Amino acid sequence: MKDGIDPKLTRQIRANKVKNGADRPVHAAFTVAEASKGNFLSPEATDKVVKAAISRAAKKTEQKPGKVVVFKNLQSFSIEAPASLVESLAADEAIDTGTLGS
């Protein structure tokens with residue numbers, strides 16, 4: 001995992017991955033990588049980047065996200081999704097940091 005991914009999130013992902021079955025959901029919050037580079041995205045651009053990252057992770061893992069809330073003005077979002085999808089999302093190039101949600 002990337003340096004910006006909270007170890008608590010990493011542990012929860014591992015604990016919720018199920019072999020030969022459906023992963024249990026994980027709640028996480030992520031920030032978009034552009035924010036850490038000092039590039040401030042418009043709310044519309046933030047929404048587009050988040051949706052593209054989630055789409056890539058969903059396609060890669062063949063899993064569907066649950067609830068997603070995009071904080072467009074903060075260049076961040078929260079998600080509830082199967083552990084494998086959250087793991088893939090955490091590794092995506094568009095993601096800078098990730099923390100365990102509640």
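Q: Which residue just after helix 3 takes a positive phi?
A: Glu62, at about 55°. This is a predicted model, and Glu62 is not a glycine.

Q: Where does Glu62 lie?
A: In the loop between helix 3 and strand 2.

Q: Is Glu62 buried or exposed?
A: Exposed. Its relative accessible area is 74%, and the cut-off for exposed is over 50%.

Q: And Gln75, what is its phi?
A: Positive, about 55°. Gln75 is not a glycine either.

Q: Where is the place of Gln75?
A: The loop between strand 2 and strand 3.

Q: Is Gln75 buried or exposed?
A: Buried, with a relative accessible area of 5%. The cut-off for buried is under 20%. Gln75 is also among the residues that Thr46 touches.

Q: Good, Thr46 then. Where does Thr46 lie?
A: In helix 3.

Q: Why does Thr46 count as buried?
A: Its relative accessibility is 0%, and under 20% counts as buried.

Q: What does Thr46 touch?
A: Leaving out residues up to four places away in sequence, Thr46 touches Val32, Leu41, Val70, Phe71, Lys72, Gln75 and Ser76.

Q: Back to helix 3 as a whole. How many residues are in helix 3?
A: There are 19, covering residues 43-61.

Q: What span should helix 3 have, and what does the model give?
A: At 1.5 Å a residue, helix 3 should span 27 Å. Its end C-alpha atoms are 27 Å apart, so the two agree.

Q: Which residues of helix 3 are buried?
A: Thr46, Asp47, Val50, Ala53, Ile54, Ala57, Ala58 and Thr61.

Q: How are the buried residues of helix 3 arranged, seen down the axis?
A: They fall within an arc of 135°, so they line one face of the helix.

Q: What about the other side of helix 3?
A: Glu44, Lys48, Lys51, Lys59 and Lys60 are exposed there.

Q: What covers the buried residues of helix 3?
A: The cover includes strand 1 (25-32), strand 2 (68-71), strand 3 (76-82) and helix 4 (83-90).

Q: Pick Ala53. Why does Ala53 count as buried?
A: Ala53 has 1% relative accessibility, against a cut-off of under 20%.

Q: What does Ala53 touch?
A: Leu89, Asp92 and Ala94, not counting residues up to four places away in sequence.

Q: How far apart are the C-alpha atoms of Ala53 and Gly38?
A: They are separated by 19 Å. Along the chain, Ala53 and Gly38 are 15 residues apart.

Q: Which residues of helix 4 are buried?
A: Ala83, Ser84, Leu85, Val86, Ser88, Leu89 and Ala90.

Q: What do the buried residues of helix 4 pack against?
A: Helix 1 (7-16), strand 1, helix 3, strand 3 and strand 4 (95-100).

Q: Now the core. Which residues of the largest nonpolar core touch the most other members?
A: Leu9, Phe30, Phe77, Ile79, Val86 and Leu89, out of 22 residues in that core.

Q: Which elements give two or more residues to this core?
A: Helix 1, strand 1, helix 3, strand 3 and helix 4.

Q: Take Phe77. What is Phe77 in contact with?
A: Leaving aside neighbours within four places in sequence, the contacts of Phe77 are Ala28, Ala29, Phe30, Val50, Ile54, Val69, Val70, Phe71, Leu89 and Ile95.

Q: Zoom out. How many helices and strands are in the chain?
A: Four helices and four strands. Along the sequence the pattern reads α-β-α-α-β-β-α-β.

Q: Why call the chain as compact as a globular protein of that length?
A: Its radius of gyration is 13 Å, close to the 13 Å that the globule rule gives for 102 residues.

Q: What box do the C-alpha atoms fill?
A: Roughly 40 × 25 × 20 Å, taken along the principal axes.

Q: What share of the residues count as buried?
A: 35% of the 102 residues.

Q: Last one. What share of contacts comes from residues 24 or more positions apart?
A: 68% of the contacts with a separation of 6 or more.

Note on methods. Residues are numbered from 1 along each chain as its sequence is written. This is a predicted model: local features need pLDDT of at least 70, side-chain atom pairs count only at pLDDT 80 or more; totals for chains, interfaces and linings use all residues. Side-chain values use heavy atoms; hydrogens and water are left out. The expected span of a helix is 1.5 Å times one less than its number of residues. Buried means under 20% relative accessible area, exposed over 50%, partly exposed in between (1.4 Å probe, protein chains only). The arc is that of the directions from the helix axis to the C-beta atoms. Contact means heavy atoms within 4.5 Å. The radius of gyration is taken over C-alpha atoms; the globule rule is 2.2 Å times the number of residues to the power 0.38. A nonpolar core is a set of buried Ala, Val, Leu, Ile, Met, Phe, Trp, Tyr and Cys residues joined through side-chain atoms within 4.5 Å.
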